[in-house]
Amino acid sequence: PFRTNPIAAPVLASGDCQLVLPTGSEVAVNRLTLPEGPRQLIREPCDKATDQLVFTDSHLGEGYYQFAAFPLASLWQLESDLFYSGHTFSGVGRYLLFRVLGPTRNMRLEINFTATLLHNGSNSLPPADIVGAKRTPLPFQGRGSTRVYSQPLKPQMIDGQPYVLVDFGRSGHPVEFPRGGIQGLWGTKTVIDPRYLVGWIRDVSLVSASTYRGLRPPAAIAGFPRGLANPALQYSGLYEDGWMGAHAYAVLGGGKDQDLVVRGEIPVGVGGPMQVLINNRRVYSGVAKPGALHIRLKVQPSSAPRRVEVRFANTVRLPPPDLRPASALLSFLGFVKR
């Protein structure tokens, strides 16, 4: 159950009103169209709003201003993003319910999410779904961070109004923190951060079909975390600093006369087979050995984007207090001219 305003609905439908919406400086929602910047609020006519999300409190997920029990709060205040200076992200629980303003045909949901900072020794991405007229899985995979776009979706109509729900597929838990010194001896049961989180969102936005068609994925990820900040890049399973777990993928731009290059370092303790796939077809098989990683492969030309996936059989835990499972520290992943 959730509450709605019966007076607002017909006013919005009439188009004879003004909307005041928060920008990305106030909330980690709609940042593709209302990015972070000097303005906190924008005003626009009601009939001009298209593909805008409005967070809606429900009994499954409430905003932190609702004074909900912490396990129910699903959208927390902004905090500084530790990987992108000058930017923010927001802790989230399992469910995010949104009212859609001006939904367009075949719109898609973009979500930029990270589990890198959970400090739970797993950092796995959750089995997230988007729920509109039907439930559809989001292509989350691996550990660390991700940015994905959903399949085309229709909102679910509730009392004549359009809604979509993000279900991350697992309940949030209090965030663990490394405890050293005196904290490691006493007060180990004292909760440092009482929020129940599945991770943090950098953005949740809707994009129209035409906007999605206009995305131009980069040919390569040439640096971390900067290379992951491109909104046209779809990827999953990469930590922001370049480490990856057992498997990760990135959707990279097409082209001709190109080689695929994977470059980085493999830590001591990682061994066994590794593979590289393009569009789910294996193009490389080898044995992972500690030390420098440098793979260069000739690939077939393609006018369409290509899904490049790297898989390792094993991982090791990074040294304390980090403890993230990792298999390689990447410095470059993508296509280069021959």
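A contact here means heavy atoms within 4.5 Å. Among contacts between residues at least 6 apart in sequence, 69% join residues at least 24 apart. The model is predicted.

**Overall build**

The protein has two helices and 27 strands. Its radius of gyration is 21 Å, close to the 20 Å that the globule rule gives for 338 residues, so the protein is as compact as a globular protein of that length. The C-alpha trace spans about 65 × 60 × 35 Å along its principal axes. Of the 338 residues, 50% count as buried.

**The largest pocket**

Rolling a probe the size of a water molecule over the atoms shows where empty space is left. In this model, the largest pocket holds about 540 Å³ of space. Its lining is made of 21 residues. Pro22, Glu26, Val27, Phe55 and Leu75 lie nearest the centre. By class, the lining has 13 nonpolar, six polar and two charged residues.

Three strands each supply at least two lining residues: β1 (18-22), β3 (52-55) and β5 (73-80). The largest share, four residues, comes from β5.

**Strand β5 and its partners**

Strand β5 also pairs with other strands. With β4 (residues 62-63), the pairing is parallel, over two bridges. There, Gly63 stands opposite Leu75 of β5. Leu75 is also one of the residues nearest the centre of the largest pocket. With β6 (residues 88-92), β5 runs antiparallel, and four bridges join the two. Glu79 has Phe89 in β6 as its bridge partner.

**Backbone exceptions**

Most residues other than glycine have a negative phi, and most peptide bonds are trans. Several sites here depart from that pattern, as the table lists.

| Site | Feature | Value |
|---|---|---|
| Phe224 to Pro225 | cis peptide bond | omega near 0° |
| Pro320 to Pro321 | cis peptide bond | omega near 5° |
| Asn123 | positive phi | about 60° |
| Leu323 | positive phi | near 70° |

Where do these sites fall? Pro225 lies in the loop between β17 (220-221) and β18 (234-238). Pro321 is found in the loop between β25 (316-317) and β26 (325-326). Leu323 is also in the loop between β25 and β26. Asn123 sits in the loop between β8 (108-114) and β9 (129-131).

Is Asn123 buried or exposed? Its relative accessible area is 1%, so Asn123 is buried, the cut-off for buried being under 20%. Leu323, at 37% relative accessibility, counts as partly exposed.

Key: Residues numbered from 1 in each chain as written. Predicted model: local features only at pLDDT ≥ 70, side-chain atom pairs only at ≥ 80, totals over all residues. Heavy atoms only, no water. 1 Å grid on protein atoms, 1.4 Å probe; cavity = no way out; pocket = protein on both sides within 12 Å on 5 of 7 lines; lining within 4 Å. Points joined across faces, edges and corners; volume = space filled by probe spheres on them. Nonpolar A, V, L, I, M, F, W, Y, C, P; charged D, E, K, R; others polar. Pairing = 2+ DSSP bridges. Rg over C-alpha atoms; globule rule 2.2 N^0.38 Å. Buried < 20%, exposed > 50% of the residue type's maximum accessible area, 1.4 Å probe, protein only.
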